[in-house]
2 protein chains.
Amino acid sequence: MIVELISVGTELLLGNIVNTNAAFLAEQCAALGLSCFYQTVVGDNAERLCETIEKALERSDVLILSGGLGPTQDDITRDMVAKVLGKDLVLDEHSKERIRLFFAGRGQSIPDNNWRQAYKPDGAVVIDNENGTAPGLILSEKGKHIFLLPGPPNELKPMFTEQMMPYLQKLEEAVIFSVTVKLCGIGESQAETDILDLLEGQTNPTMAPYAKTGEVHLRVTAKAVTEGEARRLVQPMVEELKNRFGHKVYTTQEEVTLEQAVAELVRERGWKLATAESCTGGMLAARLTRVPGVSAVFETGLVTYANETKSALLGVKEDTLSAFGAVSPETAREMAEGLAERGGAEVALSITGIAGPDGGSADKPVGLVYIGCRVKDKTVVKECRFGGSREKIRESSVAAALTLARSCILKEKGEK
Amino acid sequence: MIVELISVGTELLLGNIVNTNAAFLAEQCAALGLSCFYQTVVGDNAERLCETIEKALERSDVLILSGGLGPTQDDITRDMVAKVLGKDLVLDEHSKERIRLFFAGRGQSIPDNNWRQAYKPDGAVVIDNENGTAPGLILSEKGKHIFLLPGPPNELKPMFTEQMMPYLQKLEEAVIFSVTVKLCGIGESQAETDILDLLEGQTNPTMAPYAKTGEVHLRVTAKAVTEGEARRLVQPMVEELKNRFGHKVYTTQEEVTLEQAVAELVRERGWKLATAESCTGGMLAARLTRVPGVSAVFETGLVTYANETKSALLGVKEDTLSAFGAVSPETAREMAEGLAERGGAEVALSITGIAGPDGGSADKPVGLVYIGCRVKDKTVVKECRFGGSREKIRESSVAAALTLARSCILKEKGEK
């Protein structure tokens, strides 16, 4: 079954709002095993909306339209679907009564134009809206299925998951199952080069690489009649990727992030992790504290943006700063070691570098970053050279610091 | 001029990522006075991508394609545009050299597949990518214009605003001039209520409010034959907004951010600003250090995530913590005052709160945040109650802290 999403609303065309509905619906449809080849955004314009619906009916089996079911004159989705299908709009007494109750319950009088929402294309199944006045609608005609949903996410999401997904499920026999293998410490091109043979001629399961800052995610997806069967198709590929990338795989769980994986390694060992940042200015600590409950392993983060602070808070020697500069392996090392001492943490991470746009020189260009990691009594310093904007360099530095921490912790245990 | 957006990527069709690029590009195009009637998302599929490009060329003057310029096999946008226009792909030596330098700068060897990114449809203008290896491309053919952008937002956004918007501007005879009046310390609905009379029946200039976390941006846009004329149309409206919102206007310069405005107030006074964060875990310091050259005013940031650290680094009394708790006005005050003392900063900002999802209680629910601000010898503590996810609460707290700092600094000078 091929599904197509049509989002109706001029506010989307103007960029006033981000189309989170499309992402939500697409994810749900993928989980149902429906293939989606197109998403279209079109405004509240009769001619263009009709054209879009007609085109979608030619190339897809299931149309999911969202938006344009409101009470105002520019809400025309209901009318245009009826027009394209050659149906009359008929009054739905049930919907009319619900609209009456909706306003009565709020002690409000009913604006006349709200009654438009009680009309439906003849033959449509009405789906009650528990969170608003616009009912959802489902039409099935000549093997095509059209679903109409209200635009507000808080109305659309529950209506779709609770009332429309069961309909869709019946339409599709196949089940989709995906596993994401998440890598750190390797670039997208390198990762892909390592699996070119797997990428070529892949059918079921399929695999797609996604590049994130400092990470590569490999998504393995299989389609089958049962979920168990789909899982069986996915598993060997996941194992193969684990074998090829070894310790570079930090998780195969969709919801686990790199910072979470690092925090978990620290927690398992009953350790603490502390951070000392210069050019990243707190981004590493901020990313670690995205993890709920990270307080079990993270207590202290220092942003030592000035040399004075590096000496005062971390005990970096002024000689070191004057001899080698703030951006040097020596300073990164002293930052990590001073932090480990003072912070009483088994894992001490430091970052010092030149994020730009200014402050670069021939021997120390913008993008030069030193990352220090002390685990127990061993300190490692890594030199990195990043490109891109100030923010990109800072983000890359944070990802590299987490990756270094992870490998140092694993090494300490001789796990790598 | 009619523009059409085509986002290429299977990850969009699967709902793995939200299409923020489309919202960004649509907003920018609207600001340029370009009409956008359709946005399409299509996967990395040759046939369907070609169809989509052909259809768009029929109905629109300007096509903006994003995504599918990467080095991997499934990145085919470049090739399909060439195919539809009947152009050969030719090697661009300049791009090849830039790719070589990109990897050389990182001391990395170049994966073979990256060279694909040095090819362009014959006749295309190459737009350098300052944040990645995929160059942008512009083709003009028979009165139609095609713009190709890389998919990653941190590459797409700067490339579009800095290098492609000037091209687009030239295509449109009318000149569009916008001024964004940026407000802090006021909600969107309040801001809108205050200018309902201005919003009604507006034609030229037009005004659109955009809600950001902790901020409201009012963009005033005029269309005219010359920029001077457009400026003259915009100016009175900007003045009116300044009068209505007074000190809540922190800038009318497009590029100035709230953190920049605060840093500038501190710099003007020859002061320093320091931060002490609990629930935001470094996000405030990270946001301040987005500002290039902020080292002139920002030297020290402390992330005191544990109670012990609050006492050790900031001298928060253990009695205070046990009597009132870490999330209390008393703790926020002692954090700010301890920080001012130790950090030797005239402006000391502290944040302590419950970001959730756990840790809330009846009297201290998730979203309760206290912000302390000491300017010179005066300390103010503000109580906030935020909604939304853990990250949303943290972002709202950072914006509120910057807003409080700004108003305390202005008050200290009796400017408000």
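Author: The model is predicted, and the distances below are computed from it. The closest cysteine sulfur to that of B:Cys36 belongs to B:Cys29; the two sulfurs are 6.6 Å apart, which is too far for a bond. A disulfide would need the sulfur atoms to be within 2.5 Å. B:Cys36 itself is buried, with a relative accessible area of 10%; the cut-off for that word is under 20%.

A search over all chains of the structure returns 0 disulfides.

The surroundings come next, beginning with a sheet in chain B. Four strands make up this open sheet, in the order S10-S11-S9-S12 of chain B, and their pairing is antiparallel. Strand S10 (206-212) and strand S12 (249-251) of chain B are at the edges; each has a single partner strand, so one side of each has no neighbour in the sheet. From one strand to the next, the twist averages 35°. S10(B) is joined to strand S11 (residues 215-224) of chain B by 7 bridges, and the two run antiparallel. One of the pairs across them is B:Met207 with B:Val220, the latter in S11(B). Helix H2 (residues 20-31) of chain B packs on this sheet, where H2(B) touches strand S9 (175-184), S10 and S11 of chain B. The direction of H2(B) makes about 40° with that of S11(B).

Leaving out residues up to four places away in sequence, B:Arg219 touches several others, among them B:Glu27, B:Ala31, B:Ser178, B:Thr180, B:Met207 and B:Tyr210.

Chain A has a sheet to set beside this one. Here too 4 strands form an open sheet, with the order S10-S11-S9-S12 (chain A) and antiparallel pairing. Its edges are strand S10 (206-212) and strand S12 (249-251) of chain A; each has a single partner strand, so one side of each is left without a neighbour in the sheet. On average, neighbouring strands are turned by 30° against each other, direction ignored. Between S10(A) and strand S11 (residues 215-224) of chain A there are 7 bridges in the antiparallel sense, and A:Lys212 stands opposite A:Glu215 in S11(A). Helix H9 (residues 227-245) of chain A packs on the sheet and touches strand S9 (175-184), S10, S11 and S12 of chain A. The direction of H9(A) makes about 150° with that of S11(A).

Elsewhere in chain A, strand S8 (residues 144-149) has 5 of its 6 residues buried, so S8(A) is largely enclosed by the rest of the structure. Strand S3 (residues 62-66) of chain A runs parallel to S8(A), with 5 bridges joining them; A:Ile64 has A:Phe147 as its bridge partner in S8(A). Strand S7 (residues 136-141) of chain A pairs with S8(A) in the antiparallel sense, over 5 bridges, and A:Leu137 is opposite A:Leu148. The hairpin of S7(A) and S8(A) has 2 residues between the strands, and A:Lys142 in that hairpin takes a positive phi near 50°.

The two chains also meet. Salt bridges between chain A and chain B number 2. A:Arg290 forms a salt bridge with B:Glu391, where the closest N and O atoms are 3.4 Å apart.

Helix H12 (residues 307-314) of chain B has contacts in both chains. Its buried residues are B:Thr309, B:Lys310, B:Ser311 and B:Leu314. These pack against strand S14 (298-304) of chain A and against several elements of chain B, including strand S13 (273-277) and helix H14 (329-343). After H12(B) comes B:Gly315, with a positive phi near 70°.

Notes:
Residues numbered from 1 in each chain as written. Chains lettered and ligands numbered in written order. Predicted model: local features only at pLDDT ≥ 70, side-chain atom pairs only at ≥ 80, totals over all residues. Heavy atoms only, no water. Pairing = 2+ DSSP bridges. Axes fitted to C-alpha atoms, helices over the stretch in contact; angles between N-to-C directions. Contact = heavy atoms within 4.5 Å. Buried < 20%, exposed > 50% of the residue type's maximum accessible area, 1.4 Å probe, protein only. Salt bridge = Lys/Arg side-chain N within 4 Å of Asp/Glu carboxyl O.
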